[in-house]
Amino acid sequence: MPEKKDNVYASPMTTVGAFRFDENVADVFKDMIERSVPGYGLVLQLIGLLAERYAQENTNVYDLGCSLGASTLQLRRHIPASCHAIAIDNSSAMAERCRSNMSRDHSAATCEILEQDIRETEFTNASVIVLNFTLQFIDDNERQALLNRMYEGLNDGGIILLAEKVRFEDEDKQTLMTDLHHDFKKLQGYSDLEIAQKRAAIENVLVPNTEDVHVARLKAAGFTTVMRCMHCLNFSAFLGIK
Ligand code: GEK
């Protein structure tokens, strides 16, 4: 199927509703995330590298908030054949498309796609857990407990890869990074109207934390080694090793 261009916010809207991962978004999601998140492609490559290094034989690897399965594919292609990949999304439109994308991949490791809220997921015998731009959609008060449960489900030597949009405590830095991110989106072909309407839609749906909060949370969950492994404008990825 040809890739569809993201036009979701291209026409003027009388009221901009809250952003949802529905059919319209799922249809254009690859284009949307690639043109909206600087460093997205790089993080996908990192996920492959990390899976190669940290996936342990006969364990589970998790992709939480898998969307169309871009990270799941990286995992499957870089884990031992004895591993089992579990990709989870609570949007039926996403889970459906992810299932169909995975059926076209013939990697040796088995894979299952669950339509489920990751707050309900049980983590067992895990060696790699990926949260690629997903924690930001979970209620802020529930983030620590979720990370704690992931830590408990990981085997020794297992890892978490957490990528997020981040915010800055300093107002000037926050304004500059937000402006630069919008410049980046313009460079990718989005109009001022698209940028403004998407911003309004996502406002209370995607709630970013500061990098310090992410590092503190991962440490509080139990991870002894916590490192930032990617940073571009207001997007960062962290590696936590158990
Ligand atoms: C990628 N990781 O391409 N439970 C399950 N899924 C959820 C929940 C939840 N509570 N909340 C949100 N989601 C992907 C990109 S997108 C990032 C991840 C973005 C899902 C939601 O349905 C969506 O598919 C995904 O998390 C976030 O590597 O849109 O910025």
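Select S127: beyond its neighbours within four places in sequence, S127 is in contact with Y54, A55, Q56, T59, N60, V61, L154, G158 and I159. The model on screen is a predicted one.

**Stop 1: S127**

Colour the strands and find β4, residues 126-132, where S127 is placed. Is S127 buried or exposed? S127 has a relative accessibility of 0% and counts as buried. Now show its polar contacts. The side chain of S127 comes to 3.1 Å from the backbone nitrogen of Q56. The side chain of T59 is joined to that of S127 by a polar contact of 2.8 Å. Q56 and T59 are both among the residues in contact with S127.

**Stop 2: helix α3 and T72**

Next, select α3, which spans residues 70-78. Which residues of α3 are buried? They include S71, T72, Q74, L75 and R76. To see what lies over them, show the surrounding elements: the cover includes the helices α2 (40-54) and α4, together with the strands β1 (60-64), β2 (84-89), β3 (110-115) and β4. Strand β4 is the one that holds S127.

Within α3, pick T72. T72 has a relative accessible area of 1% and is buried, because buried means under 20%. Which side chain makes a polar contact with the side chain of T72? The partner is D63, at 2.6 Å. Setting aside residues up to four places away in sequence, T72 touches D63, C66, A87, C98, M102 and C111.

**Stop 3: the ligand**

How many residues are around the ligand? There are 22, and Y40, G65, S67, S71 and D89 come nearest. S71 is also one of the buried residues of α3.

Take the polar distances one by one. Start at Y40, where a polar side-chain atom is 2.6 Å from an oxygen atom of the ligand. Move to S67: an N or O atom of its side chain lies 2.7 Å from a ligand oxygen atom. Then go to N132, where the atom to pick is a backbone N or O, 2.9 Å from a nitrogen atom of the ligand. How much of the ligand does the protein bury? The ligand taken alone exposes 660 Å², and the protein buries 94% of that. Two elements give two or more residues to the shell around the ligand, α1 (23-36) and α3 (70-78). Colour the shell by class to see 11 nonpolar, 9 polar and 2 charged residues.

**Stop 4**

The structure holds 15 salt bridges. Begin with K4 and D27, whose closest N and O atoms are 3.7 Å apart.

Is R97 buried or exposed? R97 is buried, with a relative accessible area of 19%.

**Stop 5: R228 and E211**

Now select R228 and E211. Their closest N and O atoms are 3.0 Å apart, and the two form a salt bridge. Where are the two partners? R228 is in strand β6 (residues 225-232) and E211 is in helix α8 (residues 211-221), so the pair links parts of the chain that are 17 residues apart. R228 counts as partly exposed at 45% relative accessibility, whereas E211 counts as buried at 18%.

Note on methods:
Residues are numbered from 1 along each chain as its sequence is written. This is a predicted model: local features need pLDDT of at least 70, side-chain atom pairs count only at pLDDT 80 or more; totals for chains, interfaces and linings use all residues. Side-chain values use heavy atoms; hydrogens and water are left out. A residue is near a molecule or strand if one of its heavy atoms lies within 4 Å of it. A polar contact is a pair of N or O atoms within 3.5 Å; within protein, one must be able to donate a hydrogen and the other to accept it, and residues adjacent in sequence count only if both atoms are side-chain atoms. Accessible areas come from the Shrake-Rupley method with a 1.4 Å probe; for residues, only the protein chains shown count as cover. Helices (H or I, at least four residues) and strands (E, at least two) are DSSP runs, numbered from the N terminus. Ala, Val, Leu, Ile, Met, Phe, Trp, Tyr, Cys and Pro count as nonpolar, Asp, Glu, Lys and Arg as charged, and the others, Gly among them, as polar. A salt bridge is a side-chain nitrogen of Lys or Arg within 4 Å of a carboxyl oxygen of Asp or Glu. Buried means under 20% relative accessible area, exposed over 50%, partly exposed in between (1.4 Å probe, protein chains only). Contact means heavy atoms within 4.5 Å.
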